[in-house]
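Student: I have a model open and would like to talk it through with you. Could we start with the helices and then move on to whatever else stands out?

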Amino acid sequence: MQKIINVGRFDTQTTNFLKLVRINICMDEISRKDAIEKGLMRYYTGKRCRNGHLSERYTSTRVCIECLSDWRAANMPKIVARSNEWQKRNRPHMRQYHKQWRERNADRWRELLIRSAEKRKRAKAQQKDSDAT
Ligand SMILES: [Zn+2]
């Protein structure tokens, strides 16, 4: 059985709310112990969490994924600030990491480059339109 929940996504620069993303939750009961043995990241026991959600929990921390999503939504500015701070302190590491990611995901990287170029083009065209009026 499956259940769909909505999770918020945020702009990492402005911390503005961007959109809701639908996540499929597996509602097949499995104990945490079995999940660990099978190497699953999430498990589901059929019991409600302390906030009343019926959803999967992370195997590593036992945290309910809906609770975590709510917490992230409430604390996004703090999370983003901490993440930006960390990235600033670890620039060489991040540079290396991004380089490796681009090598591993060459196709996806090309796609993103094209998309951002189109976005810039659209923004420029829009700017021109609003200047004309
Ligand atoms: Zn919960």
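Student: How many residues does helix α3 have, and how far does it reach from its first C-alpha to its last?

Tutor: This is a predicted model, and in it helix α3, residues 76-89, has 14 residues and reaches 20 Å from its first C-alpha to its last, which is close to the 20 Å expected at 1.5 Å a residue.

Student: And what is the count of buried residues in α3?

Tutor: The count is zero among its 14 residues, and α3 is accordingly described as hardly covered.

Student: What about α4, does it lie in the open or is it buried?

Tutor: Helix α4 lies largely in the open, because the number of buried residues among its 14 is zero. Its length also agrees with expectation, since the 14 residues, 91-104, should span 20 Å at 1.5 Å a residue and the end C-alpha atoms are 20 Å apart.

Student: Which element has the highest mean pLDDT, and which the lowest?

Tutor: Among the elements of the protein chain, α4 has the highest mean pLDDT, at 95, whereas strand β1, residues 2-10, has the lowest, at 69. Over the protein chain the average pLDDT is 87, with 86% of the residues scoring at least 70.

Student: Stepping back, in what order do the elements run?

Tutor: From the N terminus on they run β-β-α-β-β-α-α-α-α, which gives five helices and four strands in the protein chain. Of its 133 residues, 6% count as buried, and among the contacts with a separation of 6 or more, 25% are between residues 24 or more positions apart.

Student: Changing topic, where is Cys 49 found, and what does it touch?

Tutor: Cys 49 is found in the loop between β3 (42-43) and β4 (57-58), and, leaving aside residues up to four places away in sequence, Cys 49 touches Cys 64 and Cys 67.

Student: How far apart are the C-alpha atoms of Cys 49 and Cys 67?

Tutor: They are separated by 8.4 Å, the two residues being 18 residues apart along the chain.

How values were computed. Residues are numbered from 1 along each chain as its sequence is written. This is a predicted model: local features need pLDDT of at least 70, side-chain atom pairs count only at pLDDT 80 or more; totals for chains, interfaces and linings use all residues. Helices (H or I, at least four residues) and strands (E, at least two) are DSSP runs, numbered from the N terminus. A residue is buried if 20 or more other C-beta atoms lie within 10 Å of its own, exposed if 12 or fewer, and partly exposed in between; C-beta atoms are placed from the backbone. Two residues are in contact if their C-beta atoms, placed from the backbone, lie within 7 Å. The expected span of a helix is 1.5 Å times one less than its number of residues. pLDDT is the predictor's confidence in each residue, from 0 to 100.
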